[in-house]
Every structure is written in C-alpha cells, then in structure tokens.
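Thanks for coming, everyone. I'd like to walk you through one structure today, so let me put it up on the screen.

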Protein chains: 2
Amino acid sequence: MPRRRDYAIDHRLSDDDENIHSAWDNSLDPVLTVEPGEVVRFECRDAVDRQVGVQTTAEDVPDISFDPVHPLTGPVAVEGAQPGDVLEVELLDLQHKGWGYTAFWPGEMDLGLLPEDFEDPGLHVWDLEGDVGHFVDGIEVPLDPFPGVIGVAPDEAGEHDTLPPRSVGGNMDVKHMTAGSTVYLPVEVEDALFSVGDCHAAQGDGEVCVTGVEAPMFVTARFDVRSGMDIEQPQFETRGPFTPTGRDEPMYGTTGISDDLMEATKKAVRQMIDHLHEERGLSRGEAYLLCSAAVDLKISEVVDAPNWTVSAYLPESIFP
Amino acid sequence: MPRRRDYAIDHRLSDDDENIHSAWDNSLDPVLTVEPGEVVRFECRDAVDRQVGVQTTAEDVPDISFDPVHPLTGPVAVEGAQPGDVLEVELLDLQHKGWGYTAFWPGEMDLGLLPEDFEDPGLHVWDLEGDVGHFVDGIEVPLDPFPGVIGVAPDEAGEHDTLPPRSVGGNMDVKHMTAGSTVYLPVEVEDALFSVGDCHAAQGDGEVCVTGVEAPMFVTARFDVRSGMDIEQPQFETRGPFTPTGRDEPMYGTTGISDDLMEATKKAVRQMIDHLHEERGLSRGEAYLLCSAAVDLKISEVVDAPNWTVSAYLPESIFP
C-alpha cells in the first residue's frame, strides 16, 4: 500500500526564475515567509541549471559552464529566527523527476579529486525508476535522495560562491541528509533566509568526481527555530541508509595510506578505480563515475602518526 | 545453538616472548612456517604490552610507555609467497579475553587527534561480556573485534616502527577487518613474514584518541597466496558491520567544514564531544574516549573547493 502523507503542504515554491538565485547573499529579498512549524515543497533545478538533458553526451561536457552552480530555490524567511538560533529543517520527502546525471570535466578544468588522472570528460545519464538508478552493465544503484546544498544566509555581506560549504551549511554534500532526517543550521541573520538545491538521487561519501547523481527534484521540509542549541557548524539526525540494502552486506575495500589525508584519499580512490576496471570490466571513466555515485570514503584512522588510513568501500549488491 | 567451527586449527602460537616482536624487520627468523591453506590461531598481547590491567586508573596513564607499541605475534613464513604476490588472509575468528581499555595520554605527549584539547590523561577499562563492552552510564558498545595491526614484512632492511601503517599493511586500524573478512596484503619479501596484533574489540572509524577498545585476543586466520593480483596497498572484503545493530538505525551527526581535511576532522570531532557533553551528560574526557570507541568519521565530500566536509556519526542505539 502506498505511503500516506502525515503532514500538509503549507506553501509551494516552483523552480521559476523568480524563486531561483545562485549565490549566498543576505541582501536578497525572501521569496516566501513562513512561520515555525510550516511545511514547504520546493521545486529544485539541477546543479548546472538545465545545461544537461537526457540526450547530453560526454562530448558536450566541456561546454557545460560551472558558472551557474548552484541554482538554489529560496530564500525563505522563517519568522522569529534570530542570529544565534538554530534553524531546524525536517526533511519530509524528496522526489526526483525520472532522470539524473553524473559527470566529470576534462582534467585541465581542475575539478574533482583526480583531475590529473582524467584528461577527457565523462558523463553518465541515469534513468531513475522509483528507487533505483540504472548505470552501465546492469549495475543498479539504490536511490537515497538528498539536497547537496542546504543552508542559510551568512552574516557577511555580499555575494558568496555556492560551491564551498560554510559554517551556515550550503554545499555540504552529506549523503545521509535523506528524507526522515533533521538538519540543524546555525542562524546568522534575521529570519535565517533558507535556500536549498543541488539535489542528488544518490552519492558516495566523498563525491569524488565532483557530481553525485545530479537530478532536478522536489524537496519537502518543515521548519522550526531552536534557541537553546549551541552549534558552530551544521549537525543532523539521520537513519541512513548506511549501506545500499540498509543492512550489513558484502563490500570490497581499498586502503590509501599516506602522511597526508588528501593523498591517502586519492590513493584509496585510485585503487578502487583499478579494481573496478580490472575485476568488474568498467572503463576507468565509468569507474570514476561509479565511485562518485556509490563508493563511500571512511577515515579509518587519523592518529597513527605519521601515516593516516582512508578506506573506500564498494557495495557488491549493486552488481547484477 | 552455538556456532560450529568449519575449519581445523593447524598451528597455535602463544603470546610468549619467543613469538613476540615489536618492529617490522625482514631479517627476523620466522617463528612458524605454514603452507598455503593452513589455519593458525595467534595469541596476541594488547597494544602496550601488558602495562594496563583491569585495575589501572587514569592517573597511571602518563607512566605507560608507548615504546613497546606494538607487540606483534609472528612472523609467520608462508611457503611459496614471493615479492609481487599477494598474501590472502581470511580472518576466521577473533576472541577477546574479557576486558579491554581505551586511553588518551596527556596533551604534552602529542598523541591522538586532539592533544591540544586534553591536558590530562583519560582511561576507561571495559568489561567485555560476550559481544558487548560496557562504558559509563549504562552505555553499551557492541563488539566487532579486529586486528589493528595486520601486515607483512617490508622489503626495506632494518627495524621499522609499528605505529604508522605502510604499503605492506601494519597499523591500518580498519575496523571492518572483522571475522569473516579477507585481507589482501602486498608481499615484498620471500615467504611474506606475516605478523598480527594490537587487537581492538571495537573502534570508531578514525580512532580519534589513539586507542580503540584495546584488548588482548586470539586471532584465527587462514593463509593463501595469490599471484595474479596487482595491488599497491592493502585491500579487503568485508560484511561490516556498518552500524552497531547491523542495519539502519538512528545516528546523530556533526559536520566539520574546512579547507584542510585534518582541520575538518578535528572540527567534526570537537562538535561531537560538545554534543556528548551537553546532550548526553558525559565529561569531555569520557566523550573523547567514546568517540574513539564508537563514533565513525566519513569524508562527505572532498571536491567542493576550497572547503571539504568531514562528518562524525554517533549511533544512538548504544545509549540505555
């Protein structure tokens, strides 16, 4: 039996131009004002603002500008939120629109974890069907959608790039901020000025090629204001999922051991790309895309000086 | 009904002095030679070589030397293993001895992730009962034992410190190398020269205070030699567990956002210590110990330049 909604939608925001902005800026006029407890359904554009469609190919990728990253829906003013408060955002539902994409850009553009390893661009356009995304060779990635960008306006005046995450949230890309999760954001300006976008239908911890499964989506959220909570950067409650099947399952792991965490991360991912190429028959470009969509990076130890261990985990359940 | 062993033990190695060494050194004589396919049950000492017992207190910690880190059991020669091969180690069983400890040293000793935050030492001695470890305030941490150190001798001559992990393995502290897992180690010297030790009854990804739940233990493993596998650093297969309950469950998350992965890691852990102190009533020292034993660090994104997101995950099921 289909799930029943146990909440009412108080407001809807379309992804029309008047509701979209692409920089953090506390001087923007809110497009909507809500009271604590109210529920808003946001329509969100994809990360590169409709430059990709279902017929886009890898050859088109170099022409895709990173400039409109990220079109965000909002800002929404939450009445009563004051600097020093915390905005509580309960994520009630995320609904994709049937397709998404994962891309990496040519190495010379210096995007992603391994630009030096990939001279040419790569792209996979995913058919999203229900809670499954279709990759190549029958590989199916479960969908656990979340907003890559979720945040409030910073106190500092002016326009701020949406690419880096900040203390007020933004492009955190925390894949466990799924439906059912609650996100806590430190408020820096009156009425918080909340915005959301850059939704991912799935992503590996790390998002190594700079895109998850990017997808236009609807995000439904309930807002509340907490005044007794003291946080410096965003916090959250989640029920995962922590594996594709939601329970323990076989994973293949690679380690990256180095005296630098970034280098350790690169080593673990390179070894995973080798594994996917040699053992699973993917091209290196396909492997890089799949790592970004479905391989999780964990910091295994960060104390055994002078070398740290970062590990990459590939769920075997995604293979046919 | 109790589990039945489906393998036979071919050899046993006690933790007596003649089977223990505390440096990686390819000139050490093997204490045992095995054929591929054979099973060895290793008795392993704890990480600081019996300087801690069930009656040790935090006041004793500054006197605990880090010098004998780590007493390892071995080396075991595996017949036929040649440089360029891979040693396959199937972990069949890990059995603790009923107690363990988690400690951090005074800040001036510069050990662990946050020495600057903790001037005084800390210690918790755990009662280990079956598959549960007992912390303070009724907090129970499920036990998923693994060897913190598992590796083979490096090609480079001389004695090498066991503290940092290396390309041949060693102190990787990958918590998912549990019973049922298979670890692949790159062989650099003839007969591989395998050693194991530093067992942890539980650990969070990150091992932030420099100790997991350190525990003397038995490790049972089957060895094989793979010649067609090309790996640069250790790899592994595992079934987790990926959460304490083995399935999706509520977690509390903190984020650390910074342009440096190490700084992002520190921020996420500091915020989790604050959370455990303020919301769960633990002292900051207890919180630091619990993070090391049960909080997992994930790299959420490492591509949204110039800021990266590291997240720390606290399982709520460990609380009464």
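This is a predicted model: local features need pLDDT of at least 70, side-chain atom pairs count only at pLDDT 80 or more; totals for chains, interfaces and linings use all residues.

Let's start with helix H2 of chain A, residues 284-294: 9 of its 11 residues are buried, so this helix is largely enclosed by the rest of the structure. By buried I mean under 20% relative accessible area, while exposed is over 50% and partly exposed is in between, using a 1.4 Å probe and protein chains only.

Residues are numbered from 1 along each chain as its sequence is written, chains are lettered from A and ligands numbered from 1 in the order in which they are written, and side-chain values use heavy atoms, with hydrogens and water left out.

Back to the helix. The buried residues of H2(A) include Tyr288(A), Leu289(A), Leu290(A) and Cys291(A). What do the buried residues of H2(A) pack against? On the strand side, there are S7 (99-104), S8 (122-129), S10 (140-142), S18 and S19 of chain A, and helix H1 of chain A joins them. Contact, by the way, means heavy atoms within 4.5 Å.

Now chain B. Helix H2 of chain B, residues 284-294, has 9 of 11 residues buried, so that helix is largely enclosed too. Tyr288(B) and Cys291(B) are among the buried ones, and the cover over them includes strands S7 (99-104), S8 (122-129) and S10 (140-142) of chain B.

How do the two chains sit relative to each other? In general, two copies of a chain are related by a rotation about an axis and a shift along it. Here, chain A can be laid on chain B with an RMSD of 0.0 Å by a turn of 180 degrees and a shift of 0.0 Å along the axis. The two copies are thus related as by a two-fold rotation axis. That superposition is by least squares on the C-alpha atoms of residues with pLDDT of at least 70 in both.

On to the interface. Chain A puts 68 residues in contact with 68 residues of chain B. 100% of the interface residues of chain A are also interface residues in chain B, so the copies meet through the same surface. The buried area is about 5,700 Å², with carbon and sulfur atoms giving 53% of it; that's the accessible area (1.4 Å probe) the two parts lose on being put together, summed over both. In chain A, Phe242(A), Asp248(A) and Ile299(A) lose the most area to chain B, together 11% of what that side buries. The elements giving two or more residues to chain A's side include helix H1 (261-280) and strand S17 (251-258).

How many salt bridges are there between chain A and chain B? The count is 0, a salt bridge being a side-chain nitrogen of Lys or Arg within 4 Å of a carboxyl oxygen of Asp or Glu.

Over all chains, the whole structure has 24 salt bridges. One of them joins Glu88(B) to Arg226(B), with the closest N and O atoms 2.9 Å apart. This pair links distant parts of the chain, strand S6 and strand S15 of chain B, 138 residues apart. Glu88(B) is buried at 16% relative accessible area, and Arg226(B) is partly exposed at 34%.

Last stop: Asp46(A), in the loop between strands S4 (39-44) and S5 (72-78) of chain A. Asp46(A) is buried yet has no salt bridge, and the nearest side chain of opposite charge, Arg50(A), is 6.0 Å away. For charge, Lys and Arg count as positive and Asp and Glu as negative, with His and the chain ends not counted. What does the side chain of Asp46(A) reach at 3.0 Å? The backbone nitrogen of Val48(A). The backbone nitrogen of Arg50(A) also lies 2.8 Å from a polar atom of the Asp46(A) side chain. Further along the sequence, Asp46(A) touches residues including Tyr101(A) and Pro216(A), not counting those up to four places away.

Notes:
Helices (H or I, at least four residues) and strands (E, at least two) are DSSP runs, numbered from the N terminus. A polar contact is a pair of N or O atoms within 3.5 Å; within protein, one must be able to donate a hydrogen and the other to accept it, and residues adjacent in sequence count only if both atoms are side-chain atoms.
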